[in-house]
Amino acid sequence: MLVFCVVGDGPAAQVPLERGPQNHLLVNVSINGHPATLLLDTGEDNFYLQTERAKAFNVPGIAPKLRSGERWFEAGEIAELRIGALTFPPQEVALYDPAQFHGPVPGTARKAADGLTGRHFIRRHRAVHPPPTPHPSLARTSPPTRGLPT
């Protein structure tokens, strides 16, 4: 289970994660009111959204560009990100072409993921890993207790 802790934003809510065909964790979200699928990638820093999908989701480009390693990406801003019952403040995203990732980001058997979210998003929203459950999920709980890293 992956737990999102959003301070002062209502009661706890759980959002199921889905395993993709390559065993990746996927989460169904809403980006500016449009359904989307994101891959959770704890090895990546940035939040990425495929450029063509960003256009369909009405995600405008913003300046400056975002850097990941030696690569630079156009930047965009998601005005409304919803994950289950959770609503997040505006999110800055790196806009990418699938060729920059050696092809589409793995998704479900039916289609590629629309983007991926990395450890920066997970840390910023204070994700923690409680004991395993039969179904991985995202949840919002009360703020972490003193002494836990943020």
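The model is predicted, so local features need pLDDT of at least 70 and side-chain atom pairs count only at pLDDT 80 or more, while totals for chains, interfaces and linings use all residues. Residues are numbered from 1 along each chain as its sequence is written, and side-chain values use heavy atoms, with hydrogens and water left out.

**Exercise 1.** Work out which kind of pair Y48 and F73 form.

*Step 1.* Recall the rule: rings of Phe, Tyr and Trp (its six-membered ring) pair if their centres lie within 6.5 Å; planes under 30 degrees apart are stacked, over 60 edge-to-face, and the rest tilted. A search of the whole structure gives four aromatic pairs.

*Step 2.* The centres of Y48 and F73 sit 5.2 Å apart with planes at 75°, so this pair is edge-to-face.

*Step 3.* Now find them in the chain: Y48 is in strand β6 (residues 48–50) and F73 in strand β8 (residues 71–78), so the pair ties together parts 25 residues apart in sequence. Strands are DSSP runs of E with at least two residues, helices are runs of H or I with at least four, and both are numbered from the N terminus.

*Step 4.* Buried or exposed? Y48 is buried, at 0% relative accessible area, and F73 is buried too, at 1%. (Buried means under 20%, exposed over 50%, partly exposed in between, with a 1.4 Å probe and protein chains only.)

**Exercise 2.** Describe the pair F88 and F121.

*Step 1.* This pair is tilted, with 5.3 Å centre to centre and 55° between the planes.

*Step 2.* F88 belongs to strand β10 (residues 86–88) and F121 to helix α2 (residues 119–124), 33 residues apart.

*Step 3.* F88 is buried at 3%, and F121 is buried at 3% as well.

*Step 4.* Together with F47, F88 and F121 form one aromatic cluster.
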